[in-house]
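Welcome to this guided tour. Open the structure in your viewer, keep the selection tool at hand, and follow along one stop at a time.

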Amino acid sequence: ADRSFDDAAAAAAEMLRFYGLGMLYAADRETIERGRRLVVASFAVARRVGRSVVSPQAWFLYVEALLYLRPAAEVVPRIAAATRWLQDRGHGDAAVRLAELAVLEYGIGDFAAASRTVEIGLEWADRTGASIARPPLHAVAAAIDVVRGGYTRERYLGIIRKLRVARPDI
């Protein structure tokens, strides 16, 4: 009986999280804040039944930064810590969280950190088969190349080649 309760509570936590995340896109602050509270509550419910919330919490921080609800510079250290935790446990989400981290590091102008994260992220994507992480990682690497070396047609064509390796359908 406890197992079915735990499964139902975990499913309820997921529903709260998804519903709350959807509310983050609202136009009014009250709805956004309610969505944030629902997401945070979902983590509490999931933790109570023994579910790890490290990866979903890192993703939530990423979304908040993308929607300008929280400064990216504030969430980068927390996402980096969560990503290290995932890597230490060989978690399959590590590559995707690394891609998100690289995007934010690039966004705050920490190109050295973003470059390191891209390198590690590509390694993790290869190791875990998380090919979905490769395109954003290559995009960040390309953006850093342009920032560091300027825009040229040759650099543009090189970026396209890299992206085609990451996503052959491009």
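**Stop 1: the aromatic pairs**

Searching the whole structure turns up two aromatic pairs. Rings of Phe, Tyr and Trp (for Trp, its six-membered ring) pair if their centres lie within 6.5 Å; planes under 30 degrees apart count as stacked, over 60 as edge-to-face and the rest as tilted.

Select Phe 43 and Phe 60 to begin. Their pair is edge-to-face, with 6.0 Å from centre to centre and 65° between the planes. Phe 43 belongs to helix α2 (residues 29-48) and Phe 60 to helix α3, so this pair ties together parts that are 17 residues apart in sequence. Helices here are DSSP runs of H or I with at least four residues, strands are runs of E with at least two, and both are numbered from the N terminus.

Buried means under 20% relative accessible area, exposed means over 50%, and partly exposed lies in between (1.4 Å probe, protein chains only).

Now select Tyr 106 and Phe 111. Their ring centres are 5.2 Å apart and their planes meet at 45°, so this pair is tilted. Tyr 106 is partly exposed at 26% relative accessibility, and Phe 111 is partly exposed at 24%.

**A word on the model**

You are looking at a predicted model: local features need pLDDT of at least 70, side-chain atom pairs count only at pLDDT 80 or more, and totals for chains, interfaces and linings use all residues. Residues are numbered from 1 along each chain as its sequence is written, and side-chain values use heavy atoms, leaving out hydrogens and water.

**Stop 2: the whole chain**

Zoom out and switch to a cartoon view. The chain has eight helices and zero strands. Along its principal axes, the C-alpha trace spans about 60 × 40 × 30 Å. The chain has 170 residues, of which 42% count as buried. Among contacts between residues at least 6 apart in sequence, 56% join residues at least 24 apart; contact means heavy atoms within 4.5 Å.

**Stop 3: a loop residue**

Select Tyr 68, in the loop between α3 (54-66) and α4. What is its phi? Tyr 68 has a positive phi of about 60°, although it is not a glycine. Most residues other than glycine have a negative phi. At 76% relative accessibility, Tyr 68 is exposed.

**Stop 4: α4 against α5**

Colour helix α4 (residues 72-88) and helix α5 (residues 94-107). They pack at an angle of about 160°, and their axes are 9 Å apart. Axes are lines fitted to C-alpha atoms, for helices over the stretch in contact, and angles run from 0 to 180 degrees between N-to-C directions. α4 and α5 are therefore roughly antiparallel; angles over 145 degrees count as roughly antiparallel, under 35 as roughly parallel, 65 to 115 as roughly perpendicular and the rest as oblique.

To see the contact, show side chains including Val 76, Ile 79 and Thr 83 of α4 and Leu 98, Leu 101 and Glu 105 of α5. By class, this contact has ten nonpolar, two polar and two charged residues. Ala, Val, Leu, Ile, Met, Phe, Trp, Tyr, Cys and Pro count as nonpolar, Asp, Glu, Lys and Arg as charged, and the others, Gly among them, as polar.

**Stop 5: a glutamate in α5**

Stay on helix α5 and select Glu 100. Glu 100 is buried, at 7% relative accessibility. Which residues is Glu 100 in contact with, leaving aside its neighbours within four places in sequence? They are Trp 59 and Tyr 62.

**Stop 6**

End the tour on Ile 120, in helix α6. Ile 120 is partly exposed, at 36% relative accessibility. Leaving aside neighbours within four places in sequence, Ile 120 is in contact with Gln 87 and Leu 98. Ile 120 and Ala 102 are 18 residues apart in sequence and 9.9 Å apart in space, C-alpha to C-alpha.
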